Amino acid sequence: MEFLVFLFSCFFSLVFLVRWCATLQAAWPAERHRLPKLVLSALPPVALVIFLYVLRLLASFDVVESFYYIAFYVLLDYAWMYAGMFLLSWCFDLSWRDDALYMNNKAALYEVTGGFLALALIYAGANTGDGPGWWCVLFAGGLGLAAMLLLGVVFNACTGVFERVTVDRNAGSGLRFGLYLLGTGIVLAMASGGDWTSFEATVVE
């Protein structure tokens, strides 16, 4: 089963990174898209640094010294980011490609950046502590992801921030919501971490 998950992660990591880079390359004219291309190009490497730091220093005892497991969880991460960015776009009515890049919407760029980093932090947090396998990482991280999306939808219901970002292109709203997502990601990363005990204890913690 673990090997199938590894192959699955390799495939979707490749799909995610190729599509991300190809989309950035296709954006034109270059002068108009310089800032979003710069920021969006930096996000996957920044996420990689976060993952490698956690996997080398804070992960389970059988992971920190294993090249295979570090590679396994990094690839699983990018597959996670692929799914996470899809869910974030669907739940928040936001397209990193159309809104942040092609339309050069700075408000959307702030939100996408905060959301991307929040997803990376939650996954990294789920990797901290000792655990029996990859499935407990996905379970803990999945709880954090669900909480972030739910809180974001509730936030929008109270403020209408999604329309302010995508329609009004209000940079202040985008910046504040992006920072809110980043802060939420930090809190949920801490909540998703720790030594594994059981499904019930993970939900409670």
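**Entry 1: H1 against H3**

I looked up where H1 meets H3, contact meaning heavy atoms within 4.5 Å. On the H1 side I found Glu 2, Val 5, Phe 6, Ser 9, Cys 10, Phe 12, Ser 13, Val 15, Phe 16, Leu 17, Arg 19 and Trp 20. Their partners in H3 are Tyr 68, Tyr 69, Phe 72, Leu 75, Leu 76, Tyr 78, Ala 79, Met 81, Tyr 82 and Met 85. I sorted this contact into 18 nonpolar, 2 polar and 2 charged residues; Ala, Val, Leu, Ile, Met, Phe, Trp, Tyr, Cys and Pro count as nonpolar, Asp, Glu, Lys and Arg as charged, and the others, Gly among them, as polar.

I note that this is a predicted model, in which local features need pLDDT of at least 70 and side-chain atom pairs pLDDT 80 or more, while totals for chains, interfaces and linings use all residues. Residues are numbered from 1 along each chain as its sequence is written, and side-chain values use heavy atoms, with hydrogens and water left out.

The helices are DSSP runs (H or I, at least four residues), numbered from the N terminus. The axes of H1 and H3 lie 7 Å apart at an angle of about 55°; axes are lines fitted to C-alpha atoms over the stretch in contact, and angles run from 0 to 180 degrees between N-to-C directions. H1 is therefore oblique to H3, the class left after under 35 degrees (roughly parallel), over 145 (roughly antiparallel) and 65 to 115 (roughly perpendicular).

**Entry 2: H6 against H8**

I recorded axes that come within 10 Å and cross at roughly 150° for H6 and H8. H6 is therefore roughly antiparallel to H8. The residues of H6 in this contact include Gly 141, Gly 144 and Leu 151, and those of H8 include Phe 177, Tyr 180 and Leu 188.

**Entry 3: the largest pocket**

I read a volume of about 340 Å³ for the largest pocket. A pocket is an open set of points on a 1 Å grid over the protein atoms alone, where a 1.4 Å probe fits, with protein on both sides within 12 Å along at least five of seven lines; lining residues have an atom within 4 Å of a point. The volume is the space filled by probe spheres set on the points, which are joined across faces, edges and corners. Among the lining residues are Phe 16, Trp 20, Tyr 82 and Met 85. H3 gives the most to this lining, with 5 residues.

Methods
Helices (H or I, at least four residues) and strands (E, at least two) are DSSP runs, numbered from the N terminus.
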